[in-house]
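Please keep the sequence and the model in view while reading.

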Amino acid sequence: MTTATATPGPTLLSPTDHALVMIDFQSQMAFATKSIAAELLRNNAALVANAAAGFKVPTILTTVAEKSFSGPMFTEVTDPFPGQALLDRTSMNTWEDAAVIDEVNRIGKTRLVFAGLWTSVCIVGPVLSAIDQGFETYVITDACGDVSEEAHERAVARMIQAGARPMTALQYLLELQRDWARGETYDLTTGIARKWGGAYGLGVTYAKTMFGASEGGH
């Protein structure tokens, strides 16, 4: 007989069990992105970056040909990590860049979460490479984008077939919090949700303004 216990499943993320890799959120990459609206992509990237920074998740920020072609990384991604160096590459596959791999090894997490542009190139490459080397991978699919919906969806399907776990930006934030009784990060989580959480964030604002409601109450 199977017995239930009030404990989280082992595949759920926590702030201390993974590293986040945010890849190529840059102007030139965004210009050709058609699978998601630019404003929604920037919003979701901001939500992910602020969640990771707020929960102190080790985060790698990497660009490709920043000075010569692709342009600067979105400020929505860099602002939550003031002073953090961006690892610039020539390789389309982040996993083939020695400086990035040095940082992955320095952080020392075997569970990695990925987001970035484009899904079918700069996300597929490192995700499949990491899986092949024994890492557990997650992909924040609505904080990724590609030149077409077809390209994005086929890339997501390919990664799932290889063992990657898909999730969304808001799911990432709420999974890090997971319990509204965790008062030390309650204001952080609801603050991020109110600013970048779309309709859910509006609902949080409404409930707090009109009723003084709190998710942590019973």
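This is a predicted model: local features need pLDDT of at least 70, side-chain atom pairs count only at pLDDT 80 or more; totals for chains, interfaces and linings use all residues.

Y186, by contrast, counts as buried, with a relative accessibility of 9%.

The rings of these two residues form a pair. The ring centres of W180 and Y186 lie 5.7 Å apart and the planes meet at 80°, so the arrangement is edge-to-face; planes over 60 degrees apart fall in that class.

## Aromatic pairs

How many aromatic pairs does the structure hold? There are three. One of them joins F25 and F74, with 5.8 Å from centre to centre and 55° between the planes, and this pair is tilted.

F25 belongs to the loop between β1 (19–23) and α1 (27–31), while F74 belongs to the loop between α3 (66–70) and α4 (75–78). The pair therefore ties together parts that are 49 residues apart in sequence. Both F25 and F74 are buried.

## Helix α8 and what follows

Helix α8 covers residues 169–177, and its buried residues are A169, Y172, L173, E175, L176 and Q177. In general, residues three or four places apart in an α-helix point the same way, because the helix has 3.6 residues a turn.

Against which elements do the buried residues of α8 pack? Their partners are β1, α2 (38–54), β4 (111–117), β5 (136–145), β6 (165–167) and α9. After α8 comes R178, which has a positive phi, near 60°.

## Threonine 190 in helix α9

T190 is placed in helix α9, which spans residues 186–196. Is T190 buried or exposed? With a relative accessible area of 4%, T190 is buried. The side chain of T190 reaches the backbone oxygen of D187 at 3.4 Å.

## Cysteines

The structure has zero disulfides. C122 takes part in none, and the nearest cysteine sulfur to it, that of C144, is 10 Å away.

Technical notes. Residues are numbered from 1 along each chain as its sequence is written. Side-chain values use heavy atoms; hydrogens and water are left out. A disulfide is a pair of cysteine sulfur atoms within 2.5 Å. Rings of Phe, Tyr and Trp (its six-membered ring) pair if their centres lie within 6.5 Å; planes under 30 degrees apart count as stacked, over 60 as edge-to-face and the rest as tilted. Helices (H or I, at least four residues) and strands (E, at least two) are DSSP runs, numbered from the N terminus. Buried means under 20% relative accessible area, exposed over 50%, partly exposed in between (1.4 Å probe, protein chains only). A polar contact is a pair of N or O atoms within 3.5 Å; within protein, one must be able to donate a hydrogen and the other to accept it, and residues adjacent in sequence count only if both atoms are side-chain atoms. Contact means heavy atoms within 4.5 Å.
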